[in-house]
Amino acid sequence: MKNKKNIITIVASALIFTFLFHKQDLGLNLVFYELLFVGFLIFNRQLKFKTLNQISCTLGFIITSLFTVITHSIFVYFIHFIALLLFLGLLIYPEVKSLINALGLSLNTVFKSQMQLSKEFSNTTSKSNNTSRNIRKFSIFIIPILIIILFIIIYRSSNPVFDKLFVNLDTFFQKLMNKIFNDFDFVLIFTFILGLFFSNFILLRVRDENMIAMDKNAVDELQRRKRGKRYFKFYGLKNELKAAFFLLIVLNIILMVLNIIDINWVWFNFEWSGFYLKQFVHEGTYLLILSILVSIVIVLFYFRGNLNFYSKNKYLRYLSYIWLAQNAILTISVGIRNFWYINYFALAYKRIGVFIFLLLTIYGLYSVYIKVRDKKSASY
């Protein structure tokens with residue numbers, strides 16, 4: 001009974017999806033469809049507000065849904081899609097500790113839910129012996145029919161006389177297909193299939209127990225391990241400390257030179273120069289943001305395990321703090337670049353997005369500082 005109910009719900013959802021989105025742009029129809037989805041969750045008591053993650057992700061999903069109508073931009077649709085993934089991840093496993101794991105659970109169910117539908121359908125049809133028996137009987141003829149068609153094509157290509165025998169048959173089938181499909185709406189079928197895919201995804205939410213177990217076992221505090229696997233086995237702890245020390249000294253010197261140039265040129269002595277300004281913002285901003293993210297990864301890598309507890313890591317910690325602080329200065333430089341671009345080319349939503357991302361980056365750098373200072377885990 002449950003299998004039939006699931007299939008009926010999914011098909012009904014796909015039909016509503018088709019009615020709302022067939023040959024239509026995204027707009028109020030998206031909000032209406034999602035309101036129906038939220039209403040379905042409330043009716044089935046699947047929507048709960050027990051944790052901060054649940055509350056924040058639900059509010060994020062609803063707010064970004066409304067803003068898709070207000071601004072109707074690609075940027076907002078992208079952010080809303082991320083909010084939807086997080087929202088579904090919390091529905092799959094409400095007690096999730098990390099929103100990154102919620103995102104992973106949601107992405108995992110994109111494909112698993114499609115396989116789950118086929119299981120639901122096969123379980124339902126297996127109860128109807130006549131239907132399943134007829135399908136099995138017909139399926140045994142598929143391969144022979146394909147082989148016959150293949151040989152007919154080969155023989156027609158090799159013998160013009162044999163080919164003429166099928167010319168009239170070709171004409172007949174062509175006319176028949178034209179009559180059948182002349183007014184056939186393939187876009188309608190595609191929209192319905194897309195609706196099925198999306199409905200499976202949001203309604204048949206499949207749990208990944210391995211990912212859930214990983215989230216349950218994640219801890220904020222690091223613990224010293226006597227032995228553990230290393231990425232580079234030829235590194236002892238002392239050698240790894242030396243390598244990290246050397247790397248951070250060189251990187252700090254390079255970044256200090258870059259920051260001095262930026263402070264002098266970008267902060268206080270900037271002059272507008274047409275094309276150069278565009279290169280300075282577009283390519284420059286994205287590359288600098290990428291460098292900041294890589295910088296965070298470097299610190300997380302070296303302070304991933306026992307190096308946190310090594311008695312001689314004091315100066316490495318100081319180098320990491322300087323490295324993070326310099327990256328914070330670089331982040332401010334990127335913000336000032338964006339400010340100059342707005343000053344000359346006006347405000348736009350992507351430029352607002354850059355400021356928002358930079359604020360999150362500053363907080364990310366601060367969280368890495370706390371991780372190193374207090375010996376927190378990467379999960380933290």
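Me: Which element gives the largest share of the lining of the second largest pocket?
Reply: H10 does, with seven residues; helices here are DSSP runs (H or I, at least four residues), numbered from the N terminus. This is a predicted model, in which local features need pLDDT of at least 70 and side-chain atom pairs pLDDT 80 or more, while totals for chains, interfaces and linings use all residues. Residues are numbered from 1 along each chain as its sequence is written, and side-chain values use heavy atoms, without hydrogens and water.

Me: What volume does the second largest pocket have?
Reply: About 460 Å³, where a pocket is an open set of points on a 1 Å grid where a 1.4 Å probe fits, with protein on both sides within 12 Å along at least five of seven lines, and lining residues have an atom within 4 Å of a point. Of the 19 lining residues, those closest to the centre include Phe17 and Phe198.

Me: Changing topic, how are the rings of Phe17 and Phe198 arranged?
Reply: Their centres are 6.0 Å apart and their planes stand at 35°, so the pair is tilted (rings pair with centres within 6.5 Å; planes under 30 degrees apart are stacked, over 60 edge-to-face, the rest tilted). Phe17 lies in helix H1 and Phe198 in helix H10, 181 residues apart.

Me: Is Phe17 buried or exposed?
Reply: Phe17 is buried at 9% relative accessible area, whereas Phe198 is partly exposed at 22% (buried is under 20%, exposed over 50%, partly exposed in between, with a 1.4 Å probe and protein chains only).

Technical notes: Grid points are joined across faces, edges and corners, and a volume is the space filled by probe spheres set on the points. Helices (H or I, at least four residues) and strands (E, at least two) are DSSP runs, numbered from the N terminus.
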